[in-house]
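Dear colleague,

Please find below the structure that I am handing over to you. I should be grateful if you would look through it before reading my notes.

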Amino acid sequence: MSTQSIKNEILEERKKQVSRGYDGDHDSKEHPTGQLALAAVSVMYGLSGGEPNWVQSICDQHAANPRKRLIIGVAMLEAEIDRIIAGIERLDKIKAEVIKRCPFCNKPCEMRVYDSCFVECNNCLTKGPPCATREQALIAWNTRFETTALKTDSRRRKKVNCAK
Ligand SMILES: [Zn+2]
């Protein structure tokens, strides 16, 4: 079995995964923090204990075929690399985008990274929702800002209406 045909097999496996809907968007949404790499290793070694059902099902399906499990696992690792690179590219774009000011006091806010990521107002300490990634935290904060701003506007509009 030549290296080239193994590469082709991996490529075919990855194409199959994508055709089933496990594409970059799916991976970024459903496996944002490296679960795909761990799942790939589990599949490659046939370690199904304690894994999500879908990993267990791949291990069970190919229990007697370690070669096939390796091909699937490597294809999953490629998907993980694609996910990470896409994430870096998105993060670069986001860095260019500003963290919006606090919707309550209009002061600058910063990204905090602990067990989770969230945006916090430097002045009134209002926090955005805790998220798995900086990207999600930024989107949540900036979206929330827009929602809050809209709500404030509609309240203002209501007040005007009541005064009439
Ligand atoms: Zn504030």
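The notes below set out what was found, from the whole chain down to one residue.

This is a predicted model, in which local features need pLDDT of at least 70, side-chain atom pairs count only at pLDDT 80 or more, and totals for chains, interfaces and linings use all residues. Residues are numbered from 1 along each chain as its sequence is written.

The chain contains six helices and two strands, where helices (H or I, at least four residues) and strands (E, at least two) are DSSP runs numbered from the N terminus. Their order along the sequence is α-α-α-α-α-β-β-α. Of the 164 residues in the chain, 18% are buried; a buried residue has 20 or more other C-beta atoms within 10 Å of its own, an exposed one 12 or fewer, and a partly exposed one a count in between, with C-beta atoms placed from the backbone.

As to confidence, pLDDT (the predictor's confidence in each residue, from 0 to 100) averages 85 over the chain, and 84% of the residues score at least 70. Over residues 157-164, however, pLDDT stays under 50. Where pLDDT is low, the predicted coordinates should not be read in detail.

Y22 sits in the loop between α1 (3-19) and α2 (24-30). Y22 counts as partly exposed because it has 19 C-beta neighbours inside 10 Å. Although Y22 and A79 are 57 residues apart in sequence, their C-alpha atoms are 8.9 Å apart in space.

Yours sincerely

Note on methods: Two residues are in contact if their C-beta atoms, placed from the backbone, lie within 7 Å.
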